Amino acid sequence: MRRYFESLRPADRSAIDSVPDGLFLVRVDHVEYRWQARKPYYQIRFAVLEPKHLAGCLITGRLYSTTRAMWKLSWFLRDFGYDTELLGRDEIDDKNLVGLRGVVLNLDGFAPAAQWQEPSTIPSTNISGSEVA
């Protein structure tokens, strides 16, 4: 059986190269839990709110829920203002994740949305990468 997928055509490399690294104020647009025996994870789609010239762009990433990666998932939940009562019971409700806002550093780091004003004054040329492993 043949299937046609428009997205299989060669990608426009200039669009990929134009996506800047750095800090983004984002809103959680969609969340889906994916269970895999070795590495279960949350597939998260973020909608960029700022910087303004990238507003509306989508960033998709994974946050693993393995024992070793739980620190990063907890960091994300805490900084994006997830329900503290559910967090205290070690529960994640996917519906409660949609709409949360925060700051993303190339999916390597997170911060509360309230801190957006502080890093937004830093020129993007000074951001050389993440210090989070």
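**A walk through a predicted chain**

The chain has a mean pLDDT of 77, and 70% of its residues reach 70 or more; pLDDT is the predictor's confidence in each residue, from 0 to 100. Over residues 122-133 the pLDDT is below 50, and this stretch has 9 contacts in the model beyond near neighbours in sequence. A contact means heavy atoms within 4.5 Å. Residues 12-17 also stay under 50, with 1 contact beyond four places in sequence. Where pLDDT is low, the predicted coordinates should not be read in detail.

This is a predicted model, in which local features need pLDDT of at least 70 and side-chain atom pairs count only at pLDDT 80 or more, while totals for chains, interfaces and linings use all residues. Residues are numbered from 1 along each chain as its sequence is written, and side-chain values use heavy atoms, leaving out hydrogens and water.

The chain contains 4 helices and 5 strands, in the order α-β-β-β-α-α-α-β-β along the sequence. Helices (H or I, at least four residues) and strands (E, at least two) are DSSP runs, numbered from the N terminus. Of the 133 residues, 31% count as buried. Buried means under 20% relative accessible area, exposed over 50%, and partly exposed in between, with a 1.4 Å probe and protein chains only.

The largest nonpolar core has 21 residues. Such a core is a set of buried Ala, Val, Leu, Ile, Met, Phe, Trp, Tyr and Cys residues joined through side-chain atoms within 4.5 Å. β1 (23-34), β2 (41-50) and α2 each supply at least two residues of this core. F76 is among the residues with the most contacts inside the core. Leaving aside neighbours within four places in sequence, F76 is in contact with V28, I44, F46, L63, L97 and F110.

S65 sits in the loop between β3 (58-64) and α2 (70-79). S65 is buried, with a relative accessible area of 16%. Not counting residues up to four places away in sequence, S65 touches Y33, P40, Y41, M70 and L73.

Charged side chains come next. The structure holds 5 salt bridges, each a side-chain nitrogen of Lys or Arg within 4 Å of a carboxyl oxygen of Asp or Glu. R89 forms one with E85, the closest N and O atoms being 3.0 Å apart, and another with E91, at 3.3 Å. E85 is exposed, at 53% relative accessible area, whereas R89 is partly exposed at 42%. Elsewhere, R27, D29 and R45 are linked in a network of salt bridges.
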